[in-house]
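I opened this entry to look at one strand and its surroundings.

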Amino acid sequence: MSGRDDAGGGNSAYGRKAFKRSRAHFQDRITADGRDGWPVEAGRYRLVVSRACPWASRALVSRRLLGLEDAVSLAVVDPVQDDRSWRFTLDPDGRDPVLGIRYLSEAYDRRETDYPGGVSVPAIVDVPSGKLVTNDYQQITLDFATEWTALHREGAPDLYPEKLRDEIDAVMDDVFRDVNNGVYRAGFATGQEEYEAAFTRLFRRLESLERRLERQRYLVGDTITEADIRLFTTLVRFDPVYHGHFKCNLWKLAENRVLWAYVRDLYQTPGFGDTVDFDHIKRHYYQVHTGINPSGIVPLGPDLSGWTTPHHREELGGRPFGDGTPPGPVPPGEEIPERGRP
């Protein structure tokens with residue numbers, strides 16, 4: 001999710017120009033062998049996220065499930081950014097205490113002066129140099145699962161099992177195109193036909209996922225995988241923002257028996273719901289997208305109490321963590337404030 005508009009116009013441009021998901025410009029990888037110049041190393045890197053952003057939330061969930069909290073420190077930006085970029089205004093003096101910067105754009109500029117693209121999260125920054133390493137939202141979590149294994153917690157699940165990767169990749173491609181991106185194509189559409197095409201593809205895909213999940217607890221295999229993480233971070237935002245704000249209103253997620261049970265199952269699984277801040281999510285979308293919501297009014301609903309109700313998905317079998325174990329308690333300082341939880 002970008003915090004500096006690629007084509008000018010700032011926050012007011014949302015909903016006024018054709019939507020296009022930019023590819024990550026900085027695609028260096030942090031790997032076990034350090035082949036891109038960035039070796040896996042505990043304490044060297046800082047993960048910068050917005051809890052409002054579904055792409056960044058993938059990294060939050062993956063980091064928790066794999067137990068990488070001690071290996072990769074966390075910076076959380078203000079959910080309401082300005083036209084310069086994501087801001088560290090949640091921290092004392094408005095400055096990240098580790099990187100010493102006020103705006104994430106400063107880490108981008110240290111990597112590439114006058115970089116013309118958007119400043120996006122998730123981003124991984126090299127702490128010693130203060131330079132951005134990568135903003136490749138598609139690859140970061142896959143590398144957490146496969147390249148950072150030496151630093152995984154004991155009992156960490158295999159989120160990208162090798163024998164299932166072809167199927168996981170195929171499911172993730174469909175979800176990315178029609179669901180993860182589909183809500184944005186609908187919400188940022190500048191014409192009726194464009195909106196209707198995105199809307200139709202979105203709900204057709206959701207209905208196909210409903211049929212798949214009616215007979216199995218997780219998207220691929222009998223354990224949580226990367227595919228579930230990527231679907232979850234869109235579904236958890238569906239009723240609070242996408243249904244109304246992005247006009248994805250054929251039905252609410254809470255009205256779909258299968259998908260509502262599925263997303264609650266994941267939400268109640270350690271590592272998922274304990275990373276979700278509904279307050280950040282709502283304030284970001286409704287206050288930042290002034291091209292769609294010029295008043296900046298943040299709705300009081302929907303009622304969040306349903307997120308903690310029984311889902312009964314365990315009746316389908318499956319083992320959330322496979323042969324592993326749940327992650328431990330949320331580290332001090334990373335807890336979601338009361339106002340962001342059901």
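I started with strand β1, residues 45–49, in what is a predicted model. I looked up burial, taking under 20% relative accessible area as the cut-off. Five of the five residues of β1 are buried, so the strand is largely enclosed by the rest of the structure. I then checked the two faces. Y45, L47 and V49 lie on one side, R46 and V48 on the other, and all are buried. Both faces of β1 are therefore covered, given that cut-off.

Next I looked for the neighbours of β1. Strand β3, residues 123–126, pairs with β1 in the antiparallel sense over four bridges. I noted D126 in β3 as the bridge partner of Y45. Strand β2, residues 73–76, runs parallel to β1, and four bridges join the two. Here V48 has A75 of β2 as its bridge partner. I followed the chain from β1 through helix α1, residues 54–66, to β2. This β-α-β crossover is right-handed.

Then I turned to the whole protein. I found 10 helices and four strands. From the N terminus on, the order is β-α-β-α-β-β-α-α-α-α-α-α-α-α.

I checked the dimensions last. The radius of gyration is 19 Å; a compact globule of 342 residues would have one near 20 Å, so the two agree. The C-alpha trace spans about 50 × 50 × 35 Å along its principal axes. Of the 342 residues, 56% count as buried. Among contacts with a separation of 6 or more, 72% come from residues 24 or more positions apart. The accessible surface comes to about 14,300 Å², and carbon and sulfur atoms hold 47% of it.

Definitions and conventions: Residues are numbered from 1 along each chain as its sequence is written. This is a predicted model: local features need pLDDT of at least 70, side-chain atom pairs count only at pLDDT 80 or more; totals for chains, interfaces and linings use all residues. Side-chain values use heavy atoms; hydrogens and water are left out. Buried means under 20% relative accessible area, exposed over 50%, partly exposed in between (1.4 Å probe, protein chains only). Two strands pair if DSSP finds at least two bridges between them. A crossover is right-handed if, with the strands pointing away from the viewer, the path from the first strand over the helix to the second runs clockwise. The radius of gyration is taken over C-alpha atoms; the globule rule is 2.2 Å times the number of residues to the power 0.38. Contact means heavy atoms within 4.5 Å. Accessible areas come from the Shrake-Rupley method with a 1.4 Å probe; for residues, only the protein chains shown count as cover.
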